[in-house]
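My notes follow the structure.

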Amino acid sequence: MTPSNMTQTYNGWANKATWSVALWIGNDQFLYNTARACVEYCEQSETPYDKFIRCMLNCENDTTGDNVRWDDNTINRDEINDMMLELAE
C-alpha cells in the first residue's frame, strides 16, 4: 500500500501506456524515423507527438505492438514529446 501523495510510475514512465509508446518508438526503426521526422516537420500549432499520432492514424497504424492506441488519453504527452525531442538531437 502506497501513500496517496506518492506518484506511481511504470518502468520510469508516467504509466504503462506512456512506457509502451516510448518503448515502441525507441525500438522500431520505422517508428523511430517517423518520430524524428515529426520533430523536424511539425507545425507550430502542434507538438511532435500530435504530428506523430496523425501520421500513425493516417497510415492506419492505430496502436503499439502492445495494443495501446497512439491517441490514448492516459499517455503522458509531455514525457513523449521530451523523448522525441531527445531523439532528434
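I began with helix 3, where P48, Y49, K51, F52, I53 and M56 are buried. Buried means under 20% relative accessible area, exposed over 50%, and partly exposed in between, with a 1.4 Å probe and protein chains only. Helices are DSSP runs of H or I with at least four residues, numbered from the N terminus. The model is predicted, so I noted that local features need pLDDT of at least 70 and side-chain atom pairs pLDDT 80 or more, while totals for chains, interfaces and linings use all residues. Residues are numbered from 1 along each chain as its sequence is written, and side-chain values use heavy atoms, without hydrogens and water.

What do the buried residues of helix 3 pack against? I found helix 1 (16-27), helix 2 and helix 4 (77-87). Contact here means heavy atoms within 4.5 Å.

Next I looked up the pair of helix 2 (residues 29-41) and helix 3 (residues 48-58), which pack at an angle of about 130 degrees with axes 8 Å apart. Axes are lines fitted to C-alpha atoms, for helices over the stretch in contact, and angles run from 0 to 180 degrees between N-to-C directions. Helix 2 is therefore oblique to helix 3. Angles under 35 degrees count as roughly parallel, over 145 as roughly antiparallel, 65 to 115 as roughly perpendicular, and the rest as oblique. On the helix 2 side I listed F30, L31, T34, A35, C38, V39 and Y41, and on the helix 3 side P48, K51, F52, C55 and M56.

I then turned to helix 3 and helix 4, which pack at about 90 degrees, again with axes 8 Å apart. These two are therefore roughly perpendicular to each other. P48, Y49, D50, F52 and I53 of helix 3 meet R77, I80, N81, M84 and L85 of helix 4.

Which residues touch the most other members of the largest nonpolar core? Of its 19 residues, they are I25, Y49, F52, W70, I80 and M84. Such a core is a set of buried Ala, Val, Leu, Ile, Met, Phe, Trp, Tyr and Cys residues joined through side-chain atoms within 4.5 Å.

Last, I checked D28, which sits in the loop between helix 1 and helix 2. D28 counts as partly exposed because its relative accessibility is 27%.
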